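Welcome! Take a moment to look over the model before reading on.

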Amino acid sequence: MDTPLVLHGGTGIPQEDIQRAIKEGINKVNVGTIIHCTYMNNLREELNRAGDNPYTLDVMKAVYPKVKEVVKTLDTGLYGEWKGMTGKNSLQKKDLSRPFD
């Protein structure tokens, strides 16, 4: 099939099912919920810790590594099946070293 296939709601799907879907031709897996929840929960914790008048960059410097770790875990663990694949099933990655570009 020439049409790219997207699996929505990938956050709650077991690893073995994700890997099978990739082998069967899924091109993209959406996992926004876990990333969003990690961001929001850690942001809330940092804002509470910082108290009144928190400095934005200090808060984000504490939150960003936690979100990055979740993304790295998804990339290297859950979606490791994409490693070495090319063509229609290859994974396009954003450079995480410069998150605000």
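Here are a few questions and answers on this structure.

This is a predicted model, where local features need pLDDT of at least 70, side-chain atom pairs count only at pLDDT 80 or more, and totals for chains, interfaces and linings use all residues. Residues are numbered from 1 along each chain as its sequence is written, and side-chain values use heavy atoms, with hydrogens and water left out.

Q: Is Asn 42 buried or exposed?
A: Buried means under 20% relative accessible area, exposed over 50% and partly exposed in between (1.4 Å probe, protein chains only). Asn 42 has 13% relative accessibility, so Asn 42 counts as buried.

Q: The side chain of Asn 42 has a polar atom 2.7 Å from the backbone oxygen of which residue?
A: Asn 42 lies in helix α2, residues 32-50 (helices are DSSP runs of H or I, at least four residues; strands are runs of E, at least two; both are numbered from the N terminus). Helix α2 is also where Thr 38 is found. The backbone oxygen at 2.7 Å belongs to Thr 38.

Q: Which residues is Thr 38 in contact with, leaving aside its neighbours within four places in sequence?
A: Contact means heavy atoms within 4.5 Å. Thr 38 counts as buried, at 14% relative accessibility. With those neighbours left aside, its contacts are Lys 66, Val 67 and Val 70.

Q: What is the bridge partner of Val 6 in β2?
A: Strands β1 (residues 5-7) and β2 (residues 26-29) pair in the parallel sense over three bridges; pairing takes at least two bridges found by DSSP. In β2, the partner of Val 6 is Lys 28.

Technical notes:
Polar contact = N/O pair within 3.5 Å; in protein donor to acceptor, adjacent residues only side chain to side chain.
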